[in-house]
Amino acid sequence: MFYQFWKERMRKNHLGSKEASSLHDIVFLMAAGFFVLFIVAFFYVNPVAKLGKINKTAEYIITVTWPDDLDSDIDTWVLDPNGTLIWYKAKTPNQSVVHLERDDLGHTNDTIIINGQKVIIKKNVELVTFRGIHPGRYILNLHYFRNNGGGETPVTVKIEKLNPVVKQVFFTEQPIMMLSQGQETTVIHFEIEIDGSMINISTDPPISLIQNQQENQGYYGQGDFQ
Ligand SMILES: [Ca+2]
Ligand SMILES: [Ca+2]
């Protein structure tokens, strides 16, 4: 419709010669092309739209961080109400709404390749997302998998509820000290209710999820941690 209007207007203004008509077609197509490119570029670079998309697919996010300059591999473990373990060898089990987004190894996987160039982004963070509401009791543990020279490592844990608005529901006021390789610490137990709220948060009793995994699955070798 706009194209017809454009042609008609150009024809009236410029007497409608064949040459002029062809030129108008080219100008119109170029303008339309730039407009489409502008729309595509706008949505591609718009970070707000991407953030909104993430928030709609996750109900909770657990953020585990330790100092970026420490070369320590800390692992996040979660036991869900069905007894499913989420850990670095089972990041996204089909039978759980809980996903471990990344196993941060300390400095080992902080190097990425961009356009053939090595880029080091020192960042020590593991994220666990809840892709839906599964009512029941959960346990969240930390494990000091490997000391690559990081030594004693203070770890901070934050849990945020994302819907309907972002709200922090748990934060370690004092960092949890992971003193040596092999240490496993229960951060909290908590319950998710059917309406999505988190209740009955407690630090006791400490429960070994690694022992749970060894007894139930048997493929986490003793030699993998000291
Ligand atoms: Ca890790
Ligand atoms: Ca890292």
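Analyst: Two strands are taken to pair if DSSP finds at least two bridges between them. The model is a predicted one, and in it strand β8, residues 136–147, pairs with strand β12, residues 184–192, in the antiparallel sense over eight bridges. Within this pairing, L140 stands opposite I188 in β12.

The two strands belong to an open sheet of five strands, ordered β3-β2-β8-β12-β13, in which the pairing is antiparallel. Because β3 (85–86) and β13 (198–202) each have a single partner strand, they stand at the edges of the sheet, and one side of each is left without a neighbour there. The chain as a whole has 13 strands, along with four helices.

Turning to the core, the largest nonpolar core holds 31 residues, among which I62, I74, V78, I86 and V155 touch the most other members. Two or more residues come from each of β1 (60–65), β2 (72–79), β3, β4 (98–100), β7 (125–130), β8, β9 (153–161) and β12, and β8 gives the most, with six residues. V155, one of the core residues named above, is in contact with V64, W66, I74, L142, P175, I176 and M178, once its neighbours within four places in sequence are left aside.

Technical notes. Residues numbered from 1 in each chain as written. Chains lettered and ligands numbered in written order. Predicted model: local features only at pLDDT ≥ 70, side-chain atom pairs only at ≥ 80, totals over all residues. Core = buried A, V, L, I, M, F, W, Y, C linked by C-beta atoms within 7 Å. Buried ≥ 20, exposed ≤ 12 C-beta atoms within 10 Å, placed from the backbone. Contact = placed C-beta atoms within 7 Å.
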